[in-house]
Amino acid sequence: MNYNFFELKVNDDATVMECHRPITGNLVMRKVVPVNNDLKIEPKPCIYVIRRIDGENRFSYYIGQTIDGLTRMNNHKNDDGIPYDFIYCVLKSGQDDLSAYLQCIETELIKRADRVKLLNRNMKDGSKHCLPEHKQPIVKEYADAFIAMANILGYKELFDQQQKRDNNDSTNWVAVKLSGNNGAKATGRRYFDNTLMVLKGSKCNDRTDTPKKYPTYESDCKLLRSLIEAGSVSSELVFLEDVLFDSPSRAARIVLENSANGLDCWKTDEGLTLNQYLNRE
């Protein structure tokens with residue numbers, strides 16, 4: 001998507017930014033920073049993304065859809081009191097397949113987003129709402145425009161995923177491995193930006209207690225459950241595809257199902273810990 005086709009407007013107090021593509025399309029995205037509980041959003045059907053600061057001073061995101069944006073965002077703002085902003089695009093109401101469009105677009109955006117950063121736990125693959133094949137290109141086009149405007153409005157990291165990491169260029173990563181006392185055996189790639197990809201075929205520790213007690217941190221527990229639900233990890237805790245994590249420590253906690261420092265747990269083929277390797281480099 002060529003960003004040169006979009007125009008950007010900002011209101012006086014910079015609490016609302018608007019991005020749209022003139023002439024060639026009528027899709028408008030607004031970024032809103034709530035001030036004094038003033039959401040500045042229309043009570044109309046929309047696709048939205050909420051961005052908030054998580055416990056490790058990183059952004060996390062929630063992708064959603066609703067037939068009434070104002071009511072839904074009022075519900076979200078009372079979730080946990082954590083500061084946030086959000087972007088949204090309004091859809092035209094009154095059409096018979098509105099619910100199908102909303103859910104199909106939401107599903108498409110979730111599929112294209114970086115799952116590591118998503119707060120969504122349901123990947124929507126089993127939605128009862130579907131569109132006929134000849135309408136699917138509309139969903140793709142909407143998603144393309146949505147992502148392009150989201151990037152312009154500062155949400156780039158949500159959709160800027162693994163494709164920019166050249167797995168054929170070993171100067172961008174170092175091969176690492178990890179093993180645990182309860183069957184864990186994983187291989188991965190630690191990238192220059194301190195993300196770590198656990199490779200397909202890696203195995204987590206065998207469960208020794210009830211699911212509610214692992215991993216140590218609740219956010220990691222939720223992430224592991226979402227990976228299982230999405231089919232990225234099997235019920236036997238084997239990785240069925242490569243999965244990118246935002247840090248070596250988070251990857252280690254998922255694999256070991258316990259508190260872990262990734263710089264000490266992951267080792268290179270030379271037997272160096274990541275900490276030793278990075279200090280040497």
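Predicted model: local features only at pLDDT ≥ 70, side-chain atom pairs only at ≥ 80, totals over all residues.
A polar contact is a pair of N or O atoms within 3.5 Å. Keep that in mind for K203, whose side chain makes a polar contact with the side chain of D206 at 2.6 Å.

**K203 and its surroundings**
- You'll find K203 in the loop between β9 (196-198) and α5 (218-229).
- Skip its neighbours within four places in sequence, and K203 is in contact with G183, A184, K185, E236, L237, V238 and V255.
- One of those contacts, V255, turns up again in the second core described below.

**Strand β6 and its partners**
- β6 covers residues 84-90, and it's mostly covered itself, with 6 of its 7 residues buried.
- On β3 (residues 28-32), 4 bridges make the join to β6, and the two strands run antiparallel.
- To spot that pairing, look for K31, whose bridge partner in β6 is I87.
- β4 (residues 46-53) also pairs with β6 in the antiparallel sense, this time over 7 bridges.

**Helix α2**
- Among the buried ones are L98, Y101, C104 and L109, along with Q103, E106 and E108.
- So what's doing the covering? β4, β5, α3 and α4 are included in what lies over the buried residues of α2.

- In soluble globular proteins, nonpolar side chains tend to be buried together.
- The largest nonpolar core here has 34 residues, and L109 and F146 touch the most other members.
- Two or more residues of this core come from each of β2 (16-20), β4, β5 (59-66), β6, α2 (98-112), α3 (136-152) and α4 (156-159).
- Leaving out residues up to four places away in sequence, L109 touches I47, I63, A143, F146, I147 and F159.
- There's also a second, separate core of 25 residues, including A186, L196, I254 and V255.

Notes:
Residues numbered from 1 in each chain as written. Heavy atoms only, no water. Buried < 20%, exposed > 50% of the residue type's maximum accessible area, 1.4 Å probe, protein only. Pairing = 2+ DSSP bridges. Polar contact = N/O pair within 3.5 Å; in protein donor to acceptor, adjacent residues only side chain to side chain. Contact = heavy atoms within 4.5 Å. Core = buried A, V, L, I, M, F, W, Y, C linked by side-chain atoms within 4.5 Å.
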